[in-house]
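Colleague: I am new to reading protein models. Could we go through some features together?

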Amino acid sequence: MRVLCTAVGSPSHGRALLPLARALAGAGHAVTVAATEPVAPVFADDDVTVVPVLPHLPFMDREEMARGAGDAGEDGRIDVLARVLAERYLPATWDVLAGLAREVRPDLLVRDGMDMAGCLLAERLGIAQVPIPSGFANVADPAALLAPLDRARERLGLPPGDGPASLYPYGRLDFLPPDWSFAARPAPVLAYRQTTAVDRVAALPDWVARLPAGRPLVVVAFGTALPMVRAMTGGGRLPEGITDPAGALAAIVAALSRMRCAAVVATGGMPLNGVEPGPYVRLAERIAQPLLLECADLFVHHGGYNGVREAIRTGTPMAVLPNFGDQPHNARRVEELGLGVRLTDTRPAALAAAFEGVLGDADTVARARRAQRAVLALPDIGRAPADLEALAARARRTAAVPSPSAPARM
């Protein structure tokens, strides 16, 4: 089977795809990943073909963001982002992706949740498509996407979508079980066990073993998207709706420095200005996060979906300080499920009190363990290739569209 995958945005999107791409390649399938340049290195050590040809995701301008916030707060901004992806990013990626499909001739398309072109390309080719585990796919309203996608379908000579479900006609992939889902709307899901071994050669530095075992261990990380966006702007003005994570990072370090805990803070290369870390607060630009979470007592993060899944997989309670996109939704869901708290007051004293509250809450720890066991009970990712082969075969049986040799131009 020939599989075409897409990965856009930050390296975290690539890491969400990597276990699946690795499983497909390990099962003997030919895997090609169309990626943005920041994502492509994630696949460097795996037996897949990586083509870094996709453009960067577009930033929403201030007018678009203001309109979204005025409509329905954070949910409105997600709807605006969805329209931007369907109306601006889809045409920008279509010709590149369609041209690659002419070379690859895929039997299956596994797409980034933010990639709308992949959805329509699969319709053009008459093949199955499934989105990878994605925070955007969790929160985006398929009904809001139907009209802009149907306009794109009309330009491509495709029939209208069969309602909102046309965005996921073969379901979605996830690494969480239904009872612990972060999806805002129900959809058929193929769920597999979240792995803690995304990076095959991941290792922790020697100093981790020397952290004091008599103190609870707090891990802090803000993912890859926020530091990447900050670096792209040169530390200057960030896109509308995104706050500078460096200030939040400094407040968190100040809070941890007054607590009786050990802490590892992954800075992502962001500066730490005006704060002197305490003796048991260790800074690192990057850390093998899934591995370190296996021995952590609390994970403080921005609410990215990768981090959420890794915390649940390791049974680690969370304190979430969301910034943009799906992060506010994820923070609310963490609280709803009893897996931690959403942080709203960023004064060091308030942060320290919130961290101490989670560390001392036996009910939160118990809920995190229950969620972990539910994840461990899911099938291994090694089952995914056979399941996806079945989807591809089903699509072949029902396809009634032109040959995949010549996708239309937009």
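Predicted model: local features only at pLDDT ≥ 70, side-chain atom pairs only at ≥ 80, totals over all residues.

Colleague: How do I read a helix? What should helix α13 span, at 1.5 Å a residue?

Modeller: Start with the general idea. An α-helix has 3.6 residues a turn, so residues three or four places apart point the same way. Now the case here. Helix α13 covers residues 384-398, which is 15 residues. At 1.5 Å a residue, α13 should span 21 Å. Its end C-alpha atoms are 21 Å apart, so the two values agree.

Colleague: Which residues of α13 are buried?

Modeller: They are Ala 384, Pro 385, Leu 388, Leu 391, Ala 392, Ala 393 and Ala 395.

Colleague: What do the buried residues of α13 pack against?

Modeller: One partner is a helix, α1 (11-26). The others are strands: β4 (108-111), β5 (128-131), β6 (172-174) and β7 (189-191).

Colleague: How many residues of α7 are buried?

Modeller: In α7, 10 of the 13 residues are buried, so the helix is mostly covered. Among them are Pro 245, Leu 249, Ile 252 and Val 253. Helix α7 runs over residues 245-257. From first C-alpha to last it reaches 18 Å, close to the 18 Å expected.

Colleague: Now rings. How is a pair of them described?

Modeller: A pair of aromatic rings is described by the distance of the centres and the angle of the planes. Here the count comes to 1 aromatic pair. Phe 182 and Tyr 305 form it, with 6.2 Å centre to centre and 50° between the planes. That pair is tilted.

Colleague: Where do Phe 182 and Tyr 305 lie?

Modeller: Phe 182 lies in the loop between β6 and β7, and Tyr 305 in helix α9 (residues 305-314). The pair therefore ties together parts that are 123 residues apart in sequence. Both Phe 182 and Tyr 305 are buried.

Colleague: What lies over the face of Tyr 305?

Modeller: Arg 309 does, at 4.8 Å from the ring centre. Elsewhere, the charged end of Arg 172 sits over the ring of Tyr 168, 5.5 Å from its centre.

Colleague: Is Trp 94 buried or exposed?

Modeller: Trp 94, in helix α2, is buried, because its relative accessible area is 0%. Gly 118 is 24 residues from Trp 94 in sequence, and their C-alpha atoms are 8.0 Å apart.

Colleague: And what about Arg 105?

Modeller: Arg 105 has a positive phi of about 50°, although it is not a glycine. Arg 105 is in the loop between α2 (62-104) and β4. Its relative accessibility is 36%, so Arg 105 counts as partly exposed.

Technical notes
Residues numbered from 1 in each chain as written. Heavy atoms only, no water. Helix = DSSP H or I, 4+ residues; strand = E, 2+ residues; numbered from the N terminus. Expected span 1.5 Å × (residues − 1). Buried < 20%, exposed > 50% of the residue type's maximum accessible area, 1.4 Å probe, protein only. Contact = heavy atoms within 4.5 Å. Phe/Tyr/Trp six-rings, centres within 6.5 Å; stacked < 30°, edge-to-face > 60°. Lys NZ or Arg CZ within 6 Å of the ring centre and 35° of its normal.
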